[in-house]
Amino acid sequence: MIRTIRLFLAAALVFAAFGVPVTQARAAGDTIVFGSAVSLTGSLTKEGHLTQEGYDFWKDYTNAHGGLKVGAKTYKVDIKYYDDESKPNTAQTLAERLIDQDKVDFLLGPYGSGTAFTVAGVAERKKIPMVEGNGAAEKIFNQGYKYTFGVLSPAKKYLQRVLEMAVNQKPRPQTLAISASSDAFSLEVQDGAVTWAQQHGLKVVYANKYPDGATDVSSVISAIKAANPDIILNAGHLQDAILVNKGLKEQNVQAKIIGYSVGPDTPDFVGTLGKDSEDIVGGAQWSEAVGYRGIPGFYRTAKEYADAFDKQFHHRPDYHDAESTAACLAFQYAIQKAGSLDREKVRDALASLSITTFFGLIKFDNRGLNVYKPMVVNQIQNGKLVTVFPAEIANAKLRYPIPVWGKR
Amino acid sequence: MVAVPKPRRGAITGKRWVFLVSLGLMAGLLFVPAGHSDYLNLTFRNILMYAAMSYGWNLIGGYTGYISFGNVAFFGIGAYCSAVLSKAGVDNLFADVGLALIVNALFAVAVGLPILRLRGHYFGIATLGVALGLTDLASNLDFLGGSGGASIKQIGEAHFTTYYYAMWAVTLACMIATFFIARSKLGYAFVAIRENEEAAQVLGISPTRYKVTAWAIGAMMGGAAGAVFGAANGFIDPPTAFAVDNNVFPIAMAILGGMGTASGPFIGALLLSGANELLQQHFLKLHALFFGGIIVLMILFLPRGLMYLVGLRGGMRRWLSDLAVFRV
Amino acid sequence: MQLVLQNLVNGILSGGILALVALGFSLVYGIMNIINLAHGAFLMLGAYITWQLWSTFGLDPILAVPIAFVVLFAFGYGIQRGVINRVVRAPVLATFLLTFALSLLIETTALFVWTGDTRGVQTAYTGANFTLLGVTVPWAKLLTLVVALAITGILYLWLHRSRLGRAIRATSMDVGAAQMVGVRVAHVYGITYALGAGLAAAAGALLTLSYPLTPTMGDPFLIKGFVVCVLGGLGSVEGALVGGLVYGIVSSFATQFDVTIAGQHLSGTGLQDVLALVVLLVVLIVRPTGLVGRATA
């Protein structure tokens, strides 16, 4: 018996260590295979799930419409997923795996700046084009990489847009307080906002960072309250936005505008905070209200996209869904433009791509970053997310100054 | 005078033949780069890295019996040594590892002298405190790149292979060093402290001196792995350098392989990382459940690690009676 | 001055809940020598039970505290008797790894049951506050503190007065002797672990008032609980309380400190956890068994 168990364990050991390489080859022939490591467990599960929805929506649409026509041939598309557990190191290994073992043709980005950064390094070394829609830290694009493209606006723009809107209000706000979580993305957001504010005559009365993943921000809130600012912003993630918002109400901190970099656009924000989410603004990559008219080949307007998306997934898409679908679209048009699946040709086609989609203009600067698409500002009004800036596409008027806590 | 049970040689390094098998497996790992797969290189480099960290932990936790929860600190310091050198224009793996060894030895002695006076749990938490504190400190220090992290210049064209062999060499060094340390007077002193610290002192073994020695050598092992990792990765930031996984996995590997043996950490690393990788591949979402399940079963049936099973004499009955000791 | 008072209040309020988080962890650690890495997962389960009761029946989170406690008490007892007890006398690391794996199982299961969506509880008094001497005090957090203190007090009395409580303390001092005088150790261990799980759940239930819910929400609290219980002194009720308050106050006051040394800006807000950990190390070096720990703890 013991002998059997020992033998079994020895076999398991050998298998575990050396069974790793044994794997299936890519689905070859008439299918284009994309690979993506997304967060299906861990702290970014929710966002990873949204990313996957955005990708799958495009895949299903394309396959339902006969596939992707490249030159004379039509291909089906498929996406191979792995779970990166919300960890950058795991995402890196999985990207290597997708390329070397699963032989995917192209990479779609993971969710988040940390994971996108490590995967970008892999894409560069292996010369595999990657388009990502969920890593906004400019750090990813300042490495001189040639194979990574981001369809989204960079982190620094997230809250600049809110300030741009704010200084046009009457009475004009004079002072700004901005806190940030200590992660690369959030600090870039904060930096972008502070720089903009200083250039445009807004006085920054509080700018500080708290530890990443903080469980209590009440003392940060107290310090902000003591600075008595007109505008209160926080650069962070959904959790941070919820904690800060609760803290502001608990300590009865009033301001003319309250906004967060990430949070208000996720349905969870309203769900978690209820009416305390009312009147909060957020910088967003996209909203259903944007009025772009895309080129043929996919849903051409945000409205059409959102309605079809709702039918398939039973909820309205938020900007995480949209930017993920947009990443797929960049590939779609670049591959068609290249007329080939050759990675170098597709990379070149991506680099010179300039198309309008339901998501907005997709065009990359020489770092691979889409600096051309503007951000929008959303506000929560009557429990719904409406777009309030820029004025051309706004479907509601900004409530300003926002009512005091308890009067919403 | 209290008698210290003198450990048998086998008890201190584990079975000789198992060690030889481990060396054989290490030799096999030399051929991984021949597969020309970056994925395999990376996966096995990570396994080797975990093994090296596990050896570092094994000296203080497995041999001396002082359970540390903060050995990731040394790994992180090692990685940052590479970053600092790269920033200063020095991109040389020997320099990276050399600096990591020196800095970690000094740091370990400086921190070890006060906290190794603490017993058991209090020592464990103090080490955890050091690791957590360093993580946040690194994100607040500008010259280390803060939260944004620091880039490390990669060397050479075929660098993936170079870094793989560098990590392999570090791990082999840790393995062999552990083997010889365990058989030397040093190793006996470590085990004597683990079995009964007061008795060891009565016998003339200065606990503090030996504890700090075990702690510092372990720190150098983790630091060397960190230095190679930093250079190989080309970039580090606080969450990468001080990752929670890098803290928990090496301990888990040492336990499952066999604490206080010269092959345990390596065997544990192969088994645990391999299992995780396979599950990760085949079960998109359920892999975490299976991974957790495997660990639960391992602990319930092999709480003394795999090395116990290798050395077991007396069959099923002995196994069950050994297990029963742990029940209440 | 006003900010100093406000930060003191902030520190006490956040320390109170940390104390409750650490309390169950400390009991299990001190009495059974188990580093219970599933503590954070139990806390998360308590929070989700509370959220479920609130969203399905509209039950107030405060009223859900006893329910969450009882459910996790039973769950904890089952886990101890069914799983952990088999290796409870193995070296501490065996149970360390076992509970790590259990937390992995629980968190992944929660992900399937409740999805990764962020949830939250809203009550009539969410965010409500009053001002005293210029210091703003949120009702929800004050309520949390009061309930946390009440639980701590009840536990203290129960451990010192009741028969079972004394048996638990006796077992922690000397298992052999306790067994000799007729204590059923397996049952006592089961109860202790169950108490730990129940207390984690109670903390989780209270946290829903101020903290968003996700399946991984327990992780940062687990780490803080780990530190806090040693800061005060392992295995003692008063230790957890003192440790929690000290941790809360230190990290709260840290936000007021801001210096630049040789061009290096050091933000107290960014370094608040570092400062709390430095305090921990200093305390341990000066008093190796924690602030209120006894030499034998």
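What follows is a chat about a predicted model with chains A, B and C.

Colleague: I'm new to this one, so what kind of model is it, and how many helices and strands are there in chain A?

Modeller: This is a predicted model, and in chain A there are 12 helices and 15 strands. The radius of gyration of chain A is 23 Å, close to the 22 Å that the globule rule gives for 408 residues, so chain A is as compact as a globular protein of that length. Taken along the principal axes, the C-alpha atoms of chain A fill a box of roughly 70 × 60 × 40 Å.

Colleague: And how many helices and strands does chain B have?

Modeller: Chain B has 16 helices and 2 strands, and its C-alpha atoms fill a box of roughly 55 × 45 × 35 Å along the principal axes. For 328 residues a compact globule would have a radius of gyration near 20 Å, and the 20 Å of chain B agrees with that.

Colleague: Then chain C, what does that span along its principal axes?

Modeller: The C-alpha trace of chain C spans about 60 × 50 × 35 Å along its principal axes, and there are 11 helices and 4 strands in this chain. Chain C has a radius of gyration of 19 Å, which agrees with the value near 19 Å that a compact globule of 297 residues would have.

Colleague: Back to chain A, in what order do the strands of the 7-stranded open sheet come?

Modeller: The order in chain A is E8-E7-E9-E10-E11-E14-E15, and the pairing in this open sheet is mixed.

Colleague: Which strands stand at the edges, and why is one side of each left without a neighbour?

Modeller: Strand E8 (203-210) and strand E15 (384-389) of chain A stand at the edges, and each has a single partner strand, so one side of each is left without a neighbour in the sheet. From one strand to the next, the twist averages 25 degrees.

Colleague: In what sense do E9 and E10 of chain A pair?

Modeller: Strand E9 (residues 231-235) and strand E10 (residues 257-260) of chain A pair in the parallel sense, over 4 bridges. If you want a place to look, A:Ile231 has A:Ile257 in E10(A) as its bridge partner.

Colleague: Which helices lie across E7, E8 and E9 of chain A?

Modeller: Helix H6 (residues 184-199) of chain A lies across these strands and runs at about 165 degrees to E7(A). Helix H7 (residues 218-227) of chain A also lies across E7, E8 and E9, running at about 175 degrees to E8(A).

Colleague: How many residues are between the strands in the hairpin of E2(A) and E3(A)?

Modeller: That hairpin has 2 residues between the strands, and A:Gly71 takes a positive phi near 60 degrees there.

Colleague: Now the contacts between chains: how many residues of chain B are in contact with chain C?

Modeller: Here 35 residues of chain B are in contact with 41 residues of chain C. The elements of chain B that give two or more residues to this side are helix H6 (120-140), helix H12 (244-257) and helix H14 (287-301), and H6(B) gives the most, with 11 residues. The residues on the side of chain B that touches chain C divide into 25 nonpolar, 6 polar and 4 charged.

Colleague: At what angle do H6(B) and H11 of chain C pack?

Modeller: H6(B) and helix H11 (residues 272-286) of chain C pack at an angle of about 150 degrees, with their axes 9 Å apart. The two helices are therefore roughly antiparallel to each other, and H6(B) passes H11(C) in a left-handed crossing.

Colleague: Which residues meet there?

Modeller: Among the residues of H6(B) are B:Tyr122, B:Gly129 and B:Leu137, and among those they meet in H11(C) are C:Asp273, C:Leu277 and C:Leu284. The residues of this contact divide into 10 nonpolar, 2 polar and 2 charged.

Colleague: And how many residues of chain A are in contact with chain C?

Modeller: There, 34 residues of chain A are in contact with 33 residues of chain C. Helix H2 (45-64), E8, H7, helix H8 (238-250) and helix H9 (267-273) of chain A give two or more residues each to this side. By class, the side of chain A that touches chain C has 9 nonpolar, 17 polar and 8 charged residues.

Notes: Residues numbered from 1 in each chain as written. Chains lettered and ligands numbered in written order. Predicted model: local features only at pLDDT ≥ 70, side-chain atom pairs only at ≥ 80, totals over all residues. Contact = placed C-beta atoms within 7 Å. Nonpolar A, V, L, I, M, F, W, Y, C, P; charged D, E, K, R; others polar. Pairing = 2+ DSSP bridges. Axes fitted to C-alpha atoms, helices over the stretch in contact; angles between N-to-C directions. Parallel < 35°, antiparallel > 145°, perpendicular 65-115°, else oblique. Left-handed = near helix turned anticlockwise from the far one by under 90°. Rg over C-alpha atoms; globule rule 2.2 N^0.38 Å.
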